[in-house]
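Come along and look with me.

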Amino acid sequence: MKRPPLILISPSLELRGVEFNDLSVSLSLRYVQAVLAAGGLPLIAPATTDRAVLAESVRRTDGVLLTGGDDINPDLYGEKLPPAIRKTVSQTPDKGQRDATELILIAEIFRQRKPLLAICRGHQLLNVAFGGTLVADIQQQVPGALNHRCPDRAFELVHEAALQPGSLIAKISGKRSLGVNSTHHQAIARPAEPFVVTARSRDGLVEAMELRPDMAARMPFLLGVQFHPERLVQKGGCFLAIFRTFVAACKKTRLKQNEGL
């Protein structure tokens, strides 16, 4: 039996874990279940800022999944936020360790050209890693915005996202408009130079992002989504297809690398 593609998944960090209240890794099982359902073998990324360790973790796996979680430090995208907005930004318990870890992971993903699926926070941090900016609080900074913060409806489709024709997300879904869940209070403001917006909600907020067509050949797979497809895979269709397409790209990348040995 051939081994399934190995998918490195970035975890969150908790201030008090179940064992001795230690700082601990935390990961929703929804990500694990989605990767398994798509035919991948999930592995949790080490919670470290040791670049050599993270580089080796990326090398030994076939693709990386960046997950959702706490807000990103606004200092990383150069925002001097008014106090009323800054206080809406969640304070992470790890003193920025997760931000630092995932920024190194992103650098290694691009250096080693591994497939990347970035969800919610991961989608936002990917943009920040390349010099893009974020809306720190949608409610206060985007007049007339939809309610994007609906955690009580995390398994429901709460609004539509218009898809860019010919984009990866459009090809995966086979749709021109995609119903999505919505559990975030931050979003991409200015997309970074390498990326193009491929889905927006009707209030203009970015729901999906990919590499520009002239740069897409540099990576075997890259998709960032603001919504949470791992919480919609039970609906099948395009949400499971997102993970299946990602895992298939990871498998193809591994086969190509093995041929090059």
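**Notes on the sheet**

I started with the strand order: nine strands make an open sheet, running 4-1-5-6-13-12-11-8-9 with mixed pairing. For my notes, strands are DSSP runs of E with at least two residues, and helices are runs of H or I with at least four, numbered from the N terminus. Two strands pair if DSSP finds at least two bridges between them. Strand 4 (41-44) and strand 9 (177-180) are the edges; each has a single partner strand, so one side of each lacks a neighbour in the sheet.

I noted that this is a predicted model, where local features need pLDDT of at least 70, side-chain atom pairs count only at pLDDT 80 or more, and totals for chains, interfaces and linings use all residues. Residues are numbered from 1 along each chain as its sequence is written, and side-chain values use heavy atoms, leaving out hydrogens and water.

Strand 1 (residues 6-9) runs parallel to strand 4, joined by four bridges. Leu6 has Leu41 in strand 4 as its bridge partner.

Then I moved to strand 12 (residues 206-211).

Strand 11 (residues 195-201) joins it antiparallel through five bridges, with Arg200 opposite Val206. The two strands form a hairpin with four residues between them, and Gly204 in the turn has a positive phi of about 95°. Strand 13 (residues 222-225) also pairs antiparallel with strand 12, over two bridges, and Ala208 has Val225 as its bridge partner there.
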